[in-house]
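I am opening an entry on this model and will note what I looked up, one topic at a time.

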Amino acid sequence: MSEIRNVVIIGSGCSGHTAALYTARANLSPLVIEGHEPGGQLSLTTLVENFPGFPEGILGPQLIENMRKQAERFGAEYRMAHLTSADLSQRPFVLHLGKHQVHTQSLIIASGASARWLGLPHEQQLIGHGVSSCATCDGFFFSGKEIVVIGGGDSAMEEALFLTRFATKVTLIHRRDSFRASKIMLKRAQEHPKIQFLTDTVVEDVHDVEKKEVTALKLRNLKTGKVWDFPTSAMFLGIGHEPNAKMFEGQLDMDQDGYLKTHNYVHTRVHGVFACGDVQDRRYRQAITAAGTGCMAAIEVEKFLEEHGK
Ligand code: NAP
């Protein structure tokens, strides 16, 4: 069984919902494929205080639910499915959703990026309660507290430096004693009076699920084998993100880390295929910028369909 659509949107995070809202209001009856992580990264955060329009802040899951309702009000259709593969070699493009196929005249890829997690026994249960992958989103909640950052790349340095605005002390924990981070970022972090480094050390677990807050990390030194509990109020992960674009390998241009390359903001190299949000943005990665590029992609789809016929 297959169907033909004007526009299909892959992903239901901030950029996908915004693209859905705009294309729905343009009477294009968008179909949104929700994907593996419906709601995207916002659904994993708690209070969002940096999305304009909410002076008291808004819970991430509530914000994303509001966006969806707004798009549905104008006729966007949501489907719980994920894209297994796509054929972008000719129009209409063919999307494989498991056994089901959808043909579409245009495509918006808003499949986002997933933060890498450590895979600790109690990590997932404490996300939003002291475990976070976004210092910009959650740092403020740990004002006056001691914080840990994990990683040895530029993201970890950037997060550690940013978190010094709030924390009394930031401990950067890295599994090796050499760093991927650029020299300048590393030097800035090393010279900061509030940042201390703990190298050759891995996290084995995070406490305390019963209290629903982070109280300490169980650490192991890889050189000495020493295992100990390290008290802290929060663990921020800076170990990278994985863009969700593997299903387009060989058909769309990507950078060395798998992020989709776009020109003129949201155009991919295939006419009629647009990309927005974190799957093509490794620099800003904010809800508001994802919403912005989602809007741009929708406007480009409108123009494209006008020029090429629905
Ligand atoms: P990255 O460079 O890949 O670094 C990831 C870090 O996390 C590495 O130190 C890695 O350790 C560690 N790591 C990965 N998996 C781990 C695990 N399971 N347990 C413990 N540690 C783990 O990622 P990134 O820092 O996000 O940077 C990605 C790219 O964006 C880079 O090109 C970076 O330069 C760029 N970026 C630039 C800026 C800036 O210029 N302001 C800011 C952020 C990012 P190992 O080193 O041992 O592998």
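I take strands as DSSP runs of E with at least two residues, and helices as runs of H or I with at least four, both numbered from the N terminus. The model is a predicted one, and I read local features only where pLDDT is at least 70.

**Entry: cis peptide bonds**

I looked up P92 and placed it in the loop between β6 and β7. Which form does the peptide bond from R91 to P92 take? I found it cis, with omega near -10 degrees.

I noted another cis bond between H207 and D208, where omega is about 20 degrees. D208 sits in the loop between β14 (201-207) and β15. As background, I note that most peptide bonds are trans.

β6 (residues 85-87) pairs with β7 in the antiparallel sense, over three bridges. I see A86 opposite L95 of β7. The two strands make a hairpin, with five residues between them.

Next I followed β7 to β8 (residues 100-109). The pair runs antiparallel and is joined by five bridges. L95 turns up again here, with V102 as its bridge partner in β8. I count β7 and β8 as a hairpin too, with two residues between the strands. In that turn, G98 has a positive phi of about 65 degrees.

Is β7 largely enclosed or open? Four of its five residues (93-97) are buried, so I record β7 as largely enclosed by the rest of the structure. The cut-off I used for buried is under 20% relative accessible area.

**Entry: the parallel sheet**

What is the strand order in the open sheet of five strands? I read it as β10-β17-β11-β12-β13, with parallel pairing. The edges are β10 (131-132) and β13 (195-198), each of which pairs on one side only.

β11 (residues 146-150) and β12 (residues 169-173) pair in parallel over five bridges. I150 faces I173 of β12 across that pairing.

**Entry: the β15-β16 hairpin**

I looked at β15 (residues 216-221) and β16 (residues 227-231) next. They pair in the antiparallel sense over five bridges. R220 stands opposite V227 in β16. The hairpin has five residues between its strands, and G225 takes a positive phi near 80 degrees there.

**Entry: the loop between β18 and β19**

D255 is placed between β18 (241-243) and β19 (273-275). Is D255 buried or exposed? At 19% relative accessibility I count D255 as buried, because the cut-off is under 20%. Leaving out residues up to four places away in sequence, I find D255 touching K261 and R282.

I found N264 in this loop as well. Its phi is near 45 degrees, positive in a residue other than glycine. N264 counts as exposed, at 55% relative accessibility.

Y265 lies in the loop too. Y265 has a positive phi of about 75 degrees, and it is not a glycine either. With a relative accessible area of 64%, I put Y265 down as exposed. For reference, most residues other than glycine have a negative phi.

**Entry: the ligand**

Which of the 15 residues around the ligand come nearest? I noted D154, S155, E158, R176 and R180. Helix α4 (residues 154-163) gives the largest share of the shell, three residues. By class, I sort the shell into three nonpolar, six polar and six charged residues.

I then listed distances to ligand oxygen atoms:

- A polar side-chain atom of S155 is 2.5 Å from an oxygen atom of the ligand.
- For R175, a polar side-chain atom lies 2.9 Å from a ligand oxygen atom.
- G152 takes part through a backbone N or O atom, 2.9 Å from an oxygen atom of the ligand.

How much of the ligand's area does the protein bury? Alone, the ligand exposes 910 Å², and I record 71% of that as buried by the protein.

Definitions and conventions:
Residues are numbered from 1 along each chain as its sequence is written. Side-chain values use heavy atoms; hydrogens and water are left out. A residue is near a molecule or strand if one of its heavy atoms lies within 4 Å of it. A polar contact is a pair of N or O atoms within 3.5 Å; within protein, one must be able to donate a hydrogen and the other to accept it, and residues adjacent in sequence count only if both atoms are side-chain atoms. Accessible areas come from the Shrake-Rupley method with a 1.4 Å probe; for residues, only the protein chains shown count as cover. Ala, Val, Leu, Ile, Met, Phe, Trp, Tyr, Cys and Pro count as nonpolar, Asp, Glu, Lys and Arg as charged, and the others, Gly among them, as polar. Buried means under 20% relative accessible area, exposed over 50%, partly exposed in between (1.4 Å probe, protein chains only). Two strands pair if DSSP finds at least two bridges between them. Contact means heavy atoms within 4.5 Å.
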